[in-house]
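Please open the model in your viewer and keep the selection tool at hand. We will go from stop to stop, and at each one you will be told what to select and what is there.

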Amino acid sequence: MRAALIALLLLAASPGWAQWTHRYKKVEGYSHHVYLEGFELPILAASPTDPAPSPDGGSLAFAAYGYIWILDLETRVATRLTRGAGVDSRPAWAPDGSSIAFLRDDASDLDILSVDVQTGAMQALVDTDAIELDPAYSADGAFLYYSSAEAGDLDLWRLQIATREKMRLTSSRGLERRPLPRPDGESVVFLDKRRGGIDRVVELEIGGGAERELMSQSIVSQAHPGLSADGDTVVVNWPAPENYDLWLVDLEGGDPIRLNARAGLPLAPAFSPDGDWVYFVEADDQLTFHVYRVRTVGGDVERVSIRAWDWREPMAFVRIQTTAPARLSVTDRDGHPVVVPQQMPRFDGTHGKVFWYSPGVVTVQVPEGPVRVTAAHGFSSLPASGEVDARAGETATLDLEFEKIWDPRDDGWYSGDHHYHMNYGGPYRLVPQDLLKQLRAEDVDVGTPLMANLQHRFNDVEFFNYRRLGHGAPLLSFGQEIRSHFLGHVGIINVDAPFWPWYWGPGYPVYGSDDRPNVDVLAHARRQGGVSSYMHPVSIADPFADEDSLRAIPVDVIPDAVLGDLDALEIACLWINEMGTSELWYRFLNVGATIAASAGTDTMADYYRTMAVGTTRLYVKVDGELHLESYLEALRQGRSFVSTGPLLDFRVDGVLPGGVVDGDAGTLAFELRLASTIAVDRVEILVNGKPVWDDDALSEAGERRFQGEIEVGTGGWIAARVQGGGGGWPGMNGFAFAHTSPIWLGERGSTDPTAAAEAARDLLRALDVAFARVQQAYEGVETPRLDARFNETRDKLQAIVGEP
């Protein structure tokens, strides 16, 4: 059951093919890199992370600003040790204290280097085209232990430093990282994430292969064990229902002991060499990390303050001013990303850029020399960039002005991101005010972050009733993503009470055999005036290509759509195929289901490696002033378009999406305005899902207007679509796409008989595959409610086809 659960989790939350797949070389045995890169890879912060006490106990190495630093624990002065374009992290001391091994991230690969503590000279230790992580020296300094995907998946390796001979220590499929060799060299403690969704701290006998489990739990996203110098005790940060605690594990046996219990998120614990202290870092409410320590016998937690930062070279300042709150990417003369305290950095995995948010004016500290800044402010403005020469001891100024290509608000269009998560297992604990800063900088008018479970832990429950509905945009209102991994994920927004249970179905404990169709969730939302949508529905380009492709369609979505219980379908999302999802949507529309389009990023805002909120979004045409109720009513009515960057204003005989034009067959005039900050390949007009007119779109950022005539039948719908082009900032989807909701012929839900019959046949094929999956997954369990839904749907589709 556990193996099935993790497989379903990864398939449902992260399709096998998506617009974004992976930034770093693919690790085999892992369905989607969003979680691997978000949980396992190092982060960048303008404050200390990855503390590593020196062998003599007099100093502490750590990572900050993308460099390795050494903090003198007596003077509390931190001195920078490394330099260069790459981002450095996870320092590990050589036993004699002469050098430090560390990770260097060049935005597409992670390698292991070492730096001489006295001279700063650096050399490569492990440099392959695969991900390397977590260096650790043996007690005698002869070997370097580390994790690498050199053989395909993340395994433990050992390098004999003198001969450069490498030995692979593990070969099981999955993730093995953070090796901690015991002093006798006969075993290694490590973090094991290969056992069907259960993460473990394990001791492995080197050579013999025998394993001993020390701790285990499902999805311990931030766990990072440390080992005492005598090799007898492990410390690990381990999740509790509401927070993480520090635990001690005696390798000679016995139950783990909780070292401290407080409402926090301690990260990267490490022992002092004498074993008296455990050092760790934790972020405060300003998203700044601090170093702390606690005695191994327990007691009060002490903060290890940093009195001064010695950059070991002349430093300068740059004052950056933008005409609106902005997303910034700043690099220094070496191309090294520049970050600032109290602004959480993030890494754009599509374009390889570090970014963070400015309220409009911010001052950064940089080494002297040229500084390059790129700023973005949503889909309506061209990105702005500039360069300034920073001189030591001075403050240079750079003013950047955003140029609007079209302001949709002037015409009553407002944007929203309806699928993202505030806290989802990342290294920070965010609050709604953090999301508001992002929405302002991304020029998003409405945000509906979704509570969601991370296995059996419920995230952001305490914020469910948070609403920011007045004082102008951005509006913020929490919703919920309900996850029956087997049946399909459903998002609900604008509800007063969450749905329980949050998850059920095959693969889950306790609720694994529940005969509970997703319509229960949809009805829960409608009773409260909310809106429901299926999340990230389709991951492939053509879900109707063959029987295997039909399995890409969520099991329960066809009954929910065809029987009229579903409000919206997420047409655009970072992790899906927009064209394949559209093909499913077209068939629903063609059988008369008036399902609105929705969109969202499905980004995890507390991750370092994540795309920006709002980089996939929905625009709706609101009557009058912006209010959440008027916005949601426009969403339900389909007065909308989805976008990964391009903006559309489409009209047929003057009627906008969501409206109705004369249903008599004949010729209709259309007008289309396309504005985009990124190039787009093709623009198309569709009738009942088939292109009837197309043209070249935009070879570069700008605006273009189209008009013409199309022939239509007596029923069905018309829509506009633009697609193609890799896309650049401000987008992060990697695929330029926008699609209007339908303009209906004659009346909402009208159909063309031929198109309806064809769509119904396709949906029946998919329904049969889905029902067979239900029967297989629930084998031995009676499911009268699910069976009834499928039977009713089959009857309705067969009536459309005209077959018994």
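Helices (H or I, at least four residues) and strands (E, at least two) are DSSP runs, numbered from the N terminus. With those labels in mind, select proline 474, which is found in the loop between strand S41 (467–468) and strand S42 (475–477). The model is a predicted one, in which local features need pLDDT of at least 70 and side-chain atom pairs count only at pLDDT 80 or more, whereas totals for chains, interfaces and linings use all residues. Residues are numbered from 1 along each chain as its sequence is written, and side-chain values use heavy atoms, with hydrogens and water left out.

**Two cis peptide bonds**

Then select proline 501, whose place is in the loop between strand S44 (488–493) and helix H4 (519–527). The peptide bond from tryptophan 500 to proline 501 is also cis, with omega near -5°. Most residues other than glycine have a negative phi, and most peptide bonds are trans.

**Two residues with positive phi**

Next, select tyrosine 65 in the loop between strand S2 (59–64) and strand S3 (67–72). Tyrosine 65 is not a glycine, and yet it has a positive phi of about 60°. Is tyrosine 65 buried or exposed? Buried means under 20% relative accessible area, exposed means over 50%, and partly exposed lies in between (1.4 Å probe, protein chains only). Tyrosine 65 has 14% relative accessibility and therefore counts as buried.

Move on to histidine 536, which lies in the loop between strand S45 (531–534) and helix H5 (547–550). Histidine 536 has a positive phi of about 30°, although it is not a glycine, and at 6% relative accessibility it counts as buried.

**A sheet of four strands**

Now select strands S21 to S24, which form an open sheet of 4 strands in the order S21-S22-S23-S24, with antiparallel pairing. The edge strands, each pairing on one side only, are strand S21 (267–271) and strand S24 (302–304). Two strands pair if DSSP finds at least two bridges between them, and strand S22 (residues 277–283) pairs with strand S23 (residues 289–295) in the antiparallel sense over 7 bridges. To see one place in this sheet, select tryptophan 277, which stands opposite arginine 295 in S23.

For the last stop, select helix H7 (residues 578–590) and helix H9 (residues 753–777), whose axes come within 8 Å and cross at roughly 125°. Axes are lines fitted to C-alpha atoms, for helices over the stretch in contact, and angles run from 0 to 180 degrees between N-to-C directions. Angles under 35 degrees count as roughly parallel, over 145 as roughly antiparallel, 65 to 115 as roughly perpendicular and the rest as oblique, and H7 and H9 are therefore oblique to each other. Contact means heavy atoms within 4.5 Å, and in this sense Leu584, Arg587, Phe588 and Asn590 in H7 meet Ala755, Ala756, Ala759, Asp762 and Leu763 in H9.
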